[in-house]
Amino acid sequence: MKLGKPEQLENQLKSGLAPFYILSGDEPLQIEEGWDLIRAKARESGFTERTVYHVDNGFDWGEVVEAANSLSLFAEKRMIELRVREGRFGDGKKVLQACAEKPPEDTIFLIITSRIDSKASKAKWFTAIEQAGIWVPVWPVEHHQLPGWITRRCQRAGLKAEPEAVTLLTERVEGNLLAAAQEIEKLRLLAADGTVTVDTIREVVSDSARYDVFGLVDAAMSGDTRHAVRIFNGLLSEGTEPPILLWALARELRLLSHLSRKVSQGVGLEVAMDQIARSHKAVPFMLKKRKALYQGCIRKHSERKLRAMLEQASTIDEALKTGSKTCNPKDELLDLVLSLSGLDILTA
């Protein structure tokens, strides 16, 4: 059975556990919270034995077959958890289909994976799982949906949030569900009488739109030099250490350089994102949400220029580690920001 929304999972669990659960999507907070709900219900129902597999290329699905067919040493109910990277089920499709068609006794399969597209959801192996259990597709909460999500989250926390307060909180968290959840937890502890007003938000909630390293990188990548410099100076004045700034800039430069190389080889940008996401510890869907930013930056900077910026980042890193007097890391970092924003500091 397919659930339309992650929020429906709690009610489904009240009617009992299914032998299979599959949570798919790229929104970590909702995935993990759904996972926690299932595991909590399973533990309450006596499923105390737990085996976890991280599935990647080369994974031996025979281990899952063996675990499913073996009897528990203490005759306990068990959970078999599978975290499948980027939908890489491979030989596991046949294994899971067989288990779904004849579920092992006293066993629950819990599967987390990336988004399941329309074609995959119609495959025989997947429909067998869906018929045997519960599929929870988790979609990112879009900006226009976020106020409703925050309102419901506040209600679950026992808070009554005024509409204006919800609007302000939405602006403060900038689409970050984890940040929103953390701020609501703070409000639950600090809001007087459980009422959340605009003044409450201003007093309690940190401004996620404040100077931050990710905002610095985005401003530079988008070519907004003035804003990037303002954020850079703001970060330094707040006490942000240069290694943190360098980490954020170098991380994005490595990704941009890799993307640029792929595109120069004739690979489409979205395909390139799929191909390199794993090596950069990124989620393809989240990269694609920033497609326009990456596209503009790659058009603006040659692959050679991006490599030159990476070399400069390496020089700054060495200076920070050795305490070299010949390089002022803060000045060099500012040059790097200016170069990324499009000013011709480095030779193209």
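Modeller: A salt bridge is a side-chain nitrogen of Lys or Arg within 4 Å of a carboxyl oxygen of Asp or Glu. This is a predicted model: local features need pLDDT of at least 70, side-chain atom pairs count only at pLDDT 80 or more, and totals for chains, interfaces and linings use all residues. Residues are numbered from 1 along each chain as its sequence is written, and side-chain values use heavy atoms, with hydrogens and water left out.

Biologist: How do you know that arginine 78 has no salt bridge?

Modeller: The nearest side chain of opposite charge, glutamate 49, is 5.0 Å away.

Biologist: What does the side chain of arginine 78 reach?

Modeller: It reaches the backbone oxygen of alanine 67 at 2.8 Å. The backbone oxygen of alanine 68 is reached at 2.9 Å. A polar contact is a pair of N or O atoms within 3.5 Å, one able to donate a hydrogen and the other to accept it.

Biologist: Why does phenylalanine 126 count as buried?

Modeller: Its relative accessibility is 1%, so phenylalanine 126 counts as buried. Phenylalanine 126 touches Ile22, Ile116, Ala120, Ser121 and Trp135, not counting residues up to four places away in sequence; contact means heavy atoms within 4.5 Å.

Biologist: How far apart are phenylalanine 126 and leucine 96?

Modeller: They are 30 residues apart in sequence, and 8.4 Å apart in space, C-alpha to C-alpha.

Definitions and conventions
Buried means under 20% relative accessible area, exposed over 50%, partly exposed in between (1.4 Å probe, protein chains only). Lys and Arg count as positive and Asp and Glu as negative; His and the chain ends are not counted.
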